[in-house]
Amino acid sequence: MQPKDAIPQRGARLGCVTPVDDGRGLLPTAALAELRADLARLGRPRVGGRVASCCGTLIRAQGLLGRVGIGDAVRVERGIAAASASTPPFDPSRSILAEVVGFDPDGVRLMPYEEPVGIGYRARVALEPDLPTIAPDARWLGRVIDALASPLDGRGPVPTGPRSYPIQARALDAQHRSLLGPRLRLGVRALDLFVPCRAGQRLGIFAGSGVGKSTLLAMIARGTTADALVIALVGERGRELNELLEHTLGPEGRARSTVVVATSDQPAMMRRRAAYLAVTVAEALRDRGLSVLLLIDSVTRFAAALREIYLAAGEPPTTKGYPPGVFGELPRLLERAGPGSGAGSITALVSVLVEGDDMNDPIADTVRGILDGHVVLDRKIAEAGRFPAIDVLKSVSRVAPGCYEPAERAVVARARALLARWAEMAELVQLGAYRAGSDPELDEAIRVRPAVEALLAQAPDEAPVAEDPFAALARILGTAGPSG
């Protein structure tokens, strides 16, 4: 027999069903089961604080210093703290989600994932341990979710995958990455000819507002040969979601796509997290050996969300009002795309909205330095009626030498030379100051330009043609007749 002091005290072994001594004899098994049920209903213990101030979308909480760090998630209770002595249990359903973005001796700075409507002075703040990681699954293909991985398509909860992934993980170590894969067909003739893309490459689409960035991404989503698509609509117009699902992707494209949505009216934390969630889902699919095409529209609005967050965290504005943290976080997002350590890869195409058509805008300049190539959409080309309005002379793929066969490279080089010659002398020709026969190369450029422009033009809903675009370009350069 055990000595009396060896008998477990009440609560010391809640996992057993043996009666427990509470100091007045053995606690009946039924009472122990009731106690365990009560503890289960209470849930996990929560470390708490109180709201000290709320200004705009920035909440400052006290009582959390030393208990939370940057990136930790909390829940802030709606309403004002009760004046009675008895405090009701914390109710997560009556709270909003927020994230720690900064702290100082006066308290912890929180940015909410919802509008802070109803948040009152001294409202309770509790830790939320389940936010930082998700468990994507291949069954997420065909689903539409928000930045918190909640379903938006009315088809019930998204399934949980076998492995958890941190949302803001580090990029795969450079020495563990595979080489870029084979050429990936994008389904847009101007890109496949002049800005070729390899599996695992990262391309940026740069343009001012209204020139066709989103439409070009939609064409790529429909025409690509990638195994799976992950599409992030970051800060975009809400009407674009159904247009993407119904008109662009269609049933077949939607079945191999995961769409992450955070529209322009949602808080900055949701817009930021949508981009990170999309990259995380793409990483999970890449780890399964798939060739994934990641489309983010747009990185500029992701940067605008970062600006709002870092300013609230206390960073000073520097270049055009952007705090330094914005330029540090852009590569942390974009570097996560690319080839994996195995057969899978993430090919990323991101749109960049340039302010006032200025390609030296600080965000555009930073993103261009991170990516493996850039596609420039020109407003003058769009106004002339050619879509997509890709300026092939200003667009560059840094991996183009590894994409072309020797014959393809020769055809593209000749076409670029002729287009460059026309661009150089266009004003002189249009003024009538050029006499035909004076420059044979310019004469050829004048002859082939209409046919080349027609080849580069492609309607958003145009069905794919059977002829290889390189063969079509070679035919134009070899047999083009005089222009009308």
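The model is predicted. Its secondary structure comes to twelve helices and 19 strands. Among contacts with a separation of 6 or more, 70% join residues 24 or more positions apart.

**The barrel**

- Six strands close into a barrel, and their order is 3-4-7-6-5-8 with antiparallel pairing.
- Neighbouring strands of this sheet are turned against each other by 45 degrees on average, direction ignored.

**Helix 6 and its neighbours**

- Helix 6 lies across strand 4, strand 6 (95–104) and strand 7, and runs at about 160 degrees to strand 7.
- Helix 6 (residues 299–313) also packs with helix 7 (residues 324–334), at an angle of about 135 degrees and with the axes 10 Å apart.
- Helix 6 and helix 7 are therefore oblique to each other.
- The crossing of helix 6 past helix 7 is right-handed.
- On the helix 6 side the contact is made by V299, F302, A303, L306, R307 and Y310, while helix 7 supplies G325, V326, E329, L330, R332, L333 and L334.
- By class, this contact of helix 6 with helix 7 has nine nonpolar residues, one polar residue and three charged residues.

**Helix 10 and helix 11**

- Helix 10 spans residues 406–430 and helix 11 spans residues 440–456; their axes come within 8 Å and cross at roughly 105 degrees.
- Helix 10 and helix 11 are therefore roughly perpendicular to each other.
- From helix 10, the residues R414, A417, L418, L419, R421, W422, M425 and V429 take part in the contact.
- They meet E441, L442, E444, A445, I446, V448, R449 and V452 of helix 11.
- The residues of this contact between helix 10 and helix 11 divide into eleven nonpolar, no polar and five charged.

- Strand 12 (residues 202–207) is mostly covered, with six of its six residues buried.
- In a regular strand the side chains alternate between the two faces of the sheet.
- In strand 12, R202, G204 and F206 point one way, L203, I205 and A207 point the other way, and all are buried.
- Strands of a sheet pair through backbone hydrogen bonds, either parallel or antiparallel.
- With strand 17 (residues 345–353), strand 12 pairs in the parallel sense over six bridges.
- The bridge partner of R202 in strand 17 is A348.
- With strand 18 (residues 373–376), strand 12 pairs in the parallel sense over three bridges.
- The bridge partner of G204 in strand 18 is H374.

**A218 in helix 3**

- A218 lies in helix 3, which covers residues 213–223.
- The relative accessible area of A218 is 13%, under the 20% cut-off, so A218 counts as buried.
- A218 and D461 are 243 residues apart along the chain, and their C-alpha atoms are separated by 9.9 Å.

Definitions and conventions
Residues are numbered from 1 along each chain as its sequence is written. This is a predicted model: local features need pLDDT of at least 70, side-chain atom pairs count only at pLDDT 80 or more; totals for chains, interfaces and linings use all residues. Side-chain values use heavy atoms; hydrogens and water are left out. Axes are lines fitted to C-alpha atoms, for helices over the stretch in contact, and angles run from 0 to 180 degrees between N-to-C directions. Helices (H or I, at least four residues) and strands (E, at least two) are DSSP runs, numbered from the N terminus. Angles under 35 degrees count as roughly parallel, over 145 as roughly antiparallel, 65 to 115 as roughly perpendicular and the rest as oblique. A crossing is left-handed if the near helix is turned anticlockwise from the far one by less than a right angle, and right-handed if clockwise. Contact means heavy atoms within 4.5 Å. Ala, Val, Leu, Ile, Met, Phe, Trp, Tyr, Cys and Pro count as nonpolar, Asp, Glu, Lys and Arg as charged, and the others, Gly among them, as polar. Two strands pair if DSSP finds at least two bridges between them. Buried means under 20% relative accessible area, exposed over 50%, partly exposed in between (1.4 Å probe, protein chains only).
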